[in-house]
Amino acid sequence: LLTDRYKDLMERLGALRGIFDIDAKRIEVQNEEEKTLAPGFWDDPITAQEFMKKLKSKKNWITQFEEGVQLLGDAEVLLEFYEADEGSEKEVEKQLDKTKAAIEKFDE
């Protein structure tokens, strides 16, 4: 049952990676961050602020996704301990719940 929950969350996170094209967003963010360093970027403050707002939104998506990945990794470790009789089912369930909440937050 715990393994099934873990696999379900892993599949869901993988699907979100593709749907939101996280890898492409990382490249976009890197390229856009470079644009903010260009001479004259802040010459039009209103346009620059709007650009920064969109950049921040993309960064937040990436951060939320990475949080889900980290939480899922932690759940995997706890699951391995549990399967080796070195951890509790409750610990794994708690971590899976945290992971699910993070993924659902990202998926909103």
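1. Let's start with Thr99, which is found in helix H4. Helices here are DSSP runs (H or I, at least four residues), numbered from the N terminus, while strands would be E runs of at least two. Because its relative accessibility is 0%, Thr99 counts as buried. The cut-offs are these: buried means under 20% relative accessible area, exposed over 50%, and partly exposed in between, using a 1.4 Å probe and protein chains only. Leaving out residues up to four places away in sequence, Thr99 touches Leu9, Gly68, Leu71, Leu72 and Ala75. Contact here means heavy atoms within 4.5 Å.

2. Before going on, keep in mind that this is a predicted model: local features need pLDDT of at least 70, side-chain atom pairs count only at pLDDT 80 or more, and totals for chains, interfaces and linings use all residues. Residues are numbered from 1 along each chain as its sequence is written, and side-chain values use heavy atoms, with hydrogens and water left out.

3. Have a look at Glu104 too, in helix H4 (residues 89-107). Glu104 counts as partly exposed because its relative accessibility is 35%. Glu104 and Leu13 sit 91 residues apart in sequence, yet their C-alpha atoms are 9.8 Å apart in space.

4. Now for helix H1 (residues 2-19), where the length works out: at 1.5 Å a residue its 18 residues should span 26 Å, and the end C-alpha atoms are 26 Å apart, which agrees. If you check this by hand, the expected span is 1.5 Å times one less than the number of residues. Which residues of H1 are buried? They are Leu2, Tyr6, Leu9, Leu13 and Leu16. Seen down the axis of H1, these buried residues fall within an arc of 90°, so they line one face of the helix. The arc is taken from the directions that run from the helix axis to the C-beta atoms. On the other side of H1, Glu11, Gly18 and Ile19 are exposed.

5. Helix H2 can be checked in a similar way. H2 has 14 residues and reaches 20 Å from first C-alpha to last, close to the 20 Å expected at 1.5 Å a residue. Ile22, Lys25, Val29 and Glu32 are buried in H2. They cover an arc of only 75° around the axis, which puts them on the same side of H2.

6. Next, the pairing of H2 (residues 22-35) with H3 (residues 45-83): the two helices pack at an angle of about 145°, with their axes 10 Å apart. Axes are lines fitted to C-alpha atoms, for helices over the stretch in contact, and angles run from 0 to 180 degrees between N-to-C directions. Among the residues that meet are Ile22, Lys25 and Val29 in H2, and Phe51, Trp61 and Phe65 in H3. By class, the contact of H2 with H3 has seven nonpolar, no polar and nine charged residues. Asp, Glu, Lys and Arg count as charged; Ala, Val, Leu, Ile, Met, Phe, Trp, Tyr, Cys and Pro as nonpolar; and the others, Gly among them, as polar.

7. Finally, two loop residues deserve a look. Most residues other than glycine have a negative phi. Asp21, in the loop between H1 and H2, has a positive phi of about 45° although it is not a glycine. At 40% relative accessibility, Asp21 counts as partly exposed. Asp85 is in the loop between H3 and H4, and its phi is near 60°, a positive value. Asp85 counts as exposed because its relative accessibility is 74%.
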